[in-house]
Amino acid sequence: MHGSEGVRGWWGRVAAAHPLIAEMATFGGLSFLIAALQYLLLTFLPELLFRTTGWGAVPAQYLHVSLGPIDTYVFDHPVTGDALGGLSYFVAFVLMLVISQGVNFPLQRNVTFRSRGNVWFQLGWYVVALVLITIACSLLMSLYVPVLQQHLDPTVYNLAVTVINGGVQLVIYFPVFKIIFPAETTAPTAPAAAEEREPVAA
């Protein structure tokens, strides 16, 4: 008990002295847990959808990009004959994203940034940021994922995709969340305000 109280006290002092560092550490820790959740979901969801639907035989290649040497799709999941391709994998990826970000939003808002702003306004901007960042990360994935699929075992492949994608998002999301979840500003309490207005006796 005393040990945990000591850790909490130490962390409280660190957070008070270095709030930005404390936020970054908390954000990183929670992001690691979310990445672990994403990995678990990507471990069984693609296989589940591949075996229970015919979506694995349907290509999922959306938003074609042709720019110089780059000729790919933002979402590039051709039919591969296994759970790592086709519409089944794309749907699994979307479900993973919705579930994990549904957990991430309240954790980051309430634990990391302790924001008390309008939740619906923040959720709206969170969704916009999520869509834009997902598109950017998916474009990046379309460049390296085919290489990983050729050389890695499916389990290692899912881990590599999770780590790379999570690392990129970790760098991007923190400054975005700082804007979406502004720090709570507290007005002085009534007694304190009264004391400030009270003239000092001579």
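This is a predicted model: local features need pLDDT of at least 70, side-chain atom pairs count only at pLDDT 80 or more; totals for chains, interfaces and linings use all residues.
Let me step back to the chain. It has six helices and two strands, and if you follow the elements from the N terminus on, the order is α-α-β-β-α-α-α-α. Of the 202 residues of the chain, 33% count as buried. If we take the contacts between residues at least 6 apart in sequence, 67% of them join residues at least 24 apart.

How confident is the predictor, going by the mean pLDDT of the chain? That mean is 83, and 87% of the residues reach 70 or more. Among the elements, helix α3 has the highest mean pLDDT, at 94, whereas helix α6, residues 190-197, has the lowest, at 48. Over residues 186-196 the pLDDT stays under 50, and for this stretch the model has zero contacts beyond four places in sequence.

Now to the strands. Isoleucine 70, where I began, lies in strand β2, which covers residues 70-77. Once its neighbours within four places in sequence are left aside, isoleucine 70 is in contact with Val65 and Leu143. The pairing of isoleucine 70 with leucine 143 spans 73 residues in sequence, and yet the C-alpha to C-alpha separation in space is 8.4 Å. In the other strand, β1, residues 60-67, you will find leucine 63, which has a positive phi of about 60° although it is not a glycine. Leucine 63 has a relative accessible area of 48%, and because this falls between 20% and 50%, it is partly exposed.

Threonine 112 is found in helix α3, and it counts as buried because its relative accessibility, 7%, is under 20%. Its side chain is joined to that of glutamine 108 by a polar contact of 2.7 Å. Beyond its neighbours within four places in sequence, threonine 112 is in contact with Glu23, Thr26, Phe27, Leu30 and Leu107.

As for serine 115, a polar contact of 2.8 Å joins its side chain to that of glutamine 122. If we again leave aside neighbours within four places in sequence, the residues in contact with serine 115 are Arg109, Asn110, Gln122, Phe181 and Pro182.

Let me move on to helix α5, where leucine 170 is found. Leucine 170 is partly exposed, with a relative accessible area of 37%, and its contacts, apart from neighbours within four places in sequence, are with Phe27, Gly28 and Ser31. Leucine 170 and methionine 24 are 146 residues apart in sequence, while their C-alpha atoms are 10.0 Å apart in space.

Finally, let us ask about empty space inside the model. Rolling a probe the size of a water molecule over the atoms shows where empty space is left. How many cavities of 30 Å³ or more does the structure hold? It holds one, and about 50 Å³ of space lies in the largest cavity. The residues that line this cavity are Gln38, Leu42, Phe93, Met96, Val161, Thr162, Asn165 and Gly166. The elements that give two or more residues to this lining are α2 (19-52), α3 (86-112) and α5 (154-180), and the largest share, four residues, comes from α5. By type, the lining divides into four nonpolar residues, four polar residues and no charged ones.

Notes
Residues are numbered from 1 along each chain as its sequence is written. Side-chain values use heavy atoms; hydrogens and water are left out. On a 1 Å grid over the protein atoms alone, a cavity is a set of points where a 1.4 Å probe fits but cannot get out, and a pocket is an open set with protein on both sides within 12 Å along at least five of seven lines; lining residues have an atom within 4 Å of a point. Grid points are joined across faces, edges and corners, and a volume is the space filled by probe spheres set on the points. Ala, Val, Leu, Ile, Met, Phe, Trp, Tyr, Cys and Pro count as nonpolar, Asp, Glu, Lys and Arg as charged, and the others, Gly among them, as polar. Contact means heavy atoms within 4.5 Å. A polar contact is a pair of N or O atoms within 3.5 Å; within protein, one must be able to donate a hydrogen and the other to accept it, and residues adjacent in sequence count only if both atoms are side-chain atoms. pLDDT is the predictor's confidence in each residue, from 0 to 100. Buried means under 20% relative accessible area, exposed over 50%, partly exposed in between (1.4 Å probe, protein chains only).
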